[in-house]
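Hello,

Here is the structure I promised to pass on to you. Have a look at it first, and then read on for what turned up.

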Amino acid sequence: MKIKNILTVDVEDWYQTSVLQIEPDQWSNFEDRVVKNTERLLQLFADHDVRATFFILGYVAEKHPALVRKIAEQGHEIGSHGYWHQLVSRQNLRQFREDVSSSKKMIEDIVGKEVRFYRAPSWSITNDHFEALKILQEEGFVCDSSLQPFPTPLSGCKGVPAYPYHPVINGEKLNLIEYPPTVFRAGGVNIPFSGGFYLRFWPEWFVKRALRRVNRGMSGMIYIHPWEMDADQPRLHLPVYKRFVQYYHLSGTEKKLTQLLKEFSFIPLGEAIENNQFPAVTIK
């Protein structure tokens, strides 16, 4: 039987990324492009008859409730991406709970369904913020996708698994399932390839080969942002490394994603965890 991978979307606009670091009180100064870019993804998914999990920013949901309803009406799963796209690693637990709670309620009021899935902006739950996972469980989430098993300048956790599991924190096993981004393991190193900048960076042949290798033992998870479909988005004057991460190969995103949809099977995150058993793993 053909293995089913997971398809996810982080719904945020181009000016809300952690790379650009534009404060929310400045967002109104920038062109809003999230609706048309998300609709491009919806059409692409409809063309290939696939459903995905959409982690929606609370700010976007409040500004574009019709878009959120459209995503849900087309059969996709709705999750939360927080409210203001602030890094969890730079929040205290009270601030995190407020952000998570407000975004969850906002989205639930729009779609009339419980929101059970969460992904932190830029995978920013780090080793010193694992208590945030307990808050997610207390707020009613059943699955988190925020712990990145490789380091970056913005995020990443040391010593966490690259497969789904129940976190054990200070001896307490959570019912919450942690589903990390998919990596390619080579030479004892976790190599990211399955979404965002990494999906744009690696050539198509490598992404396919890496996903097939992962599929020998487990499902993989692809993630994409609507703004990555938009090669015509405004260009800001940035340092070289930020310009590279934000804008590299935007023109090739849709073609690469289309080929993945043609050659692999995809399902939403909720379907992937339903009726499955996952190990308990101590993280610290």
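Let me start with H249, which sits in the loop between α8 and α9. Please keep in mind that this is a predicted model. The phi of H249 is positive, at about 55°, although the residue is not a glycine. In general, most residues other than glycine have a negative phi. H249 counts as partly exposed, because its relative accessibility is 37%.

Y248 is placed in that loop too, between α8 (240-247) and α9 (253-263). With a relative accessibility of 30%, Y248 counts as partly exposed. Together with F201 and F244, Y248 makes a nonpolar surface patch of about 250 Å².

Another positive phi in a residue other than glycine belongs to S122, where the angle is near 55°. You will find S122 in the loop between β4 (117-118) and α5 (131-138).

That brings us to α5 itself. Which residues of α5 are buried? They are A132, L133, K134, I135 and L136. The elements that cover these buried residues include α4 (93-111) and the strands β4, β5 (143-144), β6, β7 and β8 (177-178). Just after α5 comes G140, with a positive phi of about 100°.

Two of the strands that cover α5, β6 and β7, also belong to an open sheet of 3 strands, in the order β7-β6-β13 and with mixed pairing. Its edge strands are β7 (172-173) and β13 (280-282), each of which pairs on one side only. Strand β6 (residues 166-169) is joined to β7 by 2 bridges, and the two run antiparallel. If you want to see how they line up, look at I169, which stands opposite E172 in β7.

C143 is in no disulfide, and the nearest cysteine sulfur to it is that of C157, 15 Å away.

Methods. Residues are numbered from 1 along each chain as its sequence is written. This is a predicted model: local features need pLDDT of at least 70, side-chain atom pairs count only at pLDDT 80 or more; totals for chains, interfaces and linings use all residues. Side-chain values use heavy atoms; hydrogens and water are left out. Two strands pair if DSSP finds at least two bridges between them. Helices (H or I, at least four residues) and strands (E, at least two) are DSSP runs, numbered from the N terminus. Patches are made of residues with over 30% relative accessible area and no salt bridge: like charges are joined within 9 Å, nonpolar side chains (Val, Leu, Ile, Met, Phe, Trp, Tyr) within 5 Å. Accessible areas come from the Shrake-Rupley method with a 1.4 Å probe; for residues, only the protein chains shown count as cover. A salt bridge is a side-chain nitrogen of Lys or Arg within 4 Å of a carboxyl oxygen of Asp or Glu. Buried means under 20% relative accessible area, exposed over 50%, partly exposed in between (1.4 Å probe, protein chains only). Contact means heavy atoms within 4.5 Å. A disulfide is a pair of cysteine sulfur atoms within 2.5 Å.
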